Amino acid sequence: MSNATLSDKRPSSLKGATLPKWFAWAVAAGSVALGLGISAAAGLDSSIQWALIAAALFVIGSYGISARVEGRRQAKDRIATSLIWVAFLLAVIPLASLIYETIKRGVKVLDGYFLSHSMGVVSDTEPGGGIYHALLGTLEQVGIATVISVPIGVLTAIYLVEYGRGKLSRAITFFVDVMTGIPSIVAGLFILSLWIVILGMGYSGFAGSMALSILMLPVVVRSTEEMLKLVPNELREASLALGVPKWRTILKVVLPTSIGGITTGVMLAVARITGETAPLLLLVWVTNFINSNPFKDPQGSLPVYIYLQFANSGGLGPAYDRAWAAALVLIAFIMILNLVARGIARWKAPKTGR
Amino acid sequence: MAKRIDVSGLNAYYGSFLAVEDISMTVEPRSVTAFIGPSGCGKSTFLRTLNRMHEVTPGGRVEGKVLLDDENLYGAGIDPVAVRREVGMVFQRPNPFPTMSVYDNVAAGLRLNGKYKKAQLDEIVEKSLKGANLWNEVKDRLNKPGSGLSGGQQQRLCIARAIAVEPKVLLMDEPCSALDPISTLAIEDLIGELKERFTIVIVTHNMQQAARVSDRTAFFNLAAVGQPGKLIEIDDTERIFSNPSVQATEDYISGRFG
């Protein structure tokens, strides 16, 4: 063999030097301590600064020590791992602090009374009042938007995946992509000019729902499309080979197999539009009274409620507390929707039976 | 019940690519016909033209005639869905419906095609599972998911599902290539029993299998990659494996080529 003449750099044993498991934690603790020390010595008072110094020290430190003890490959592995951890923490910190702040400020006035009363006879400067009118409006507007866009979106996705060939499907895919990028204010202005200015209709929850469904539709189409593509072609062929017509194959085999993922996609789309403010401000307008009819007259809605309460509060007082409590309700609503979606996805997922 | 297949002058295309050229053959009822040949020679493509599954592939197109007891499957006004009820198919990889139980998998072809009474379905499911030699293994877990069975059991479940709709012809596309020898044996035994009731066409890469299970064997070959696959010869299995009339067949079977 010609290899024999080459010097073999590999160590004779397969066992290399390894650092103990607590090494990463020790370096983390050390770099946090060092980061705090450096910022104290330099007189820096921002917590972001010592955290960044600690993060940088952690990455450099674990690489340096590991390269010396374990070798370059393991050191590179450690640097990649620690970079991912730093990125993860950077992403989680805003989320955690947002939830913490919202809960801390939101629970002050959040109770059964707050959820079941409107602002009808309460002025912004007075305590009391609640979000019932806004919660009702949001549920109705989002519900109608979902009823409009889910059938259209799912059917579009079925067309694109199961039937679409050639120019038409390419054009639809393109326009769905374009729709994904439409700013919500533009969707609002479109419905405003069409529904209220040209057709002469008044402000209503339904007008807002139409704008919301424009925003929701591409998300539903895209996620449903991806889920349908995940269904193995073998299942479609198995069903067709049994003499089952294509439409029944889609209805009874393809959709049941992917229903969990489709539901998750729809719920995420609902979560996305629930927080939209701009189109509602243009189309639904506002009211402090309970209006349960989404087809006539302005309605309340949570995002607009939060905006107005905060805008009218001047940064303190009862309206300020109400804005935070309403924000907490909005976040909780979206989180519950996400949990429900996950539950449905798990419940409906194809079973392995083992 | 079983029907004869008569193919004449059949060409199968993928888009503009001619995959299978000018095939003519007869498949006798209540017999097993095996297709052998190197990969890419068009065996599976040709098999899929026999129940109009070829055209499910985008760009798939067929010219020529396939007579099922004197009725041309590619004639005007023929409904491919009706054809597939007459000519069932078992695929290479077991593909039970993941959302359905063992029972629902077998009943799927019937349920998706019309209404049946519960007692009637029970009877057909039991008969089909017995026909596929699977009943004893699954009779206590009919309501468990079909994907929880072993690979060999899943493949027999797929066979049960295919014979539950009482087709006249059963096409099998390498049904044992993903299975171990024991499961393969179970399925080969099953093929021997099924040929009493159905016309069976099986594609296989395993020459011993073709010799064991089939009455007649067809050898396919292609001149070069990119050339269309052709039927070289079809004859009684014994003759193909002992004294084929074409040299290429003998070369392939004896392992001197391919």
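User: Which residues is Ser149(A) in contact with, leaving aside its neighbours within four places in sequence?

Analyst: Two residues are in contact if their C-beta atoms, placed from the backbone, lie within 7 Å. Here, Ser149(A) touches Ser213(A), Met216(A), Leu217(A) and Val220(A), once neighbours within four places in sequence are set aside. One caution: this is a predicted model, where local features need pLDDT of at least 70 and side-chain atom pairs count only at pLDDT 80 or more, while totals for chains, interfaces and linings use all residues. Residues are numbered from 1 along each chain as its sequence is written, and chains are lettered from A and ligands numbered from 1 in the order in which they are written.

User: Is Ser149(A) buried or exposed?

Analyst: We count other C-beta atoms, placed from the backbone, within 10 Å of the residue's own: 20 or more is buried, 12 or fewer exposed, and in between partly exposed. Ser149(A) is buried, because it has 27 such neighbours.

User: And how do I read the domains of chain A?

Analyst: Domain bounds come from an automatic or database domain assignment. For chain A that gives domain 1 (20-106) and domain 2 (132-348). Their centres, taken over C-alpha atoms, are 39 Å apart. Four residues of domain 1 of chain A are in contact with five of domain 2 of chain A.

User: How many residues does each chain give to the contact between chain A and chain B?

Analyst: Chain A gives 21 residues and chain B gives 26.
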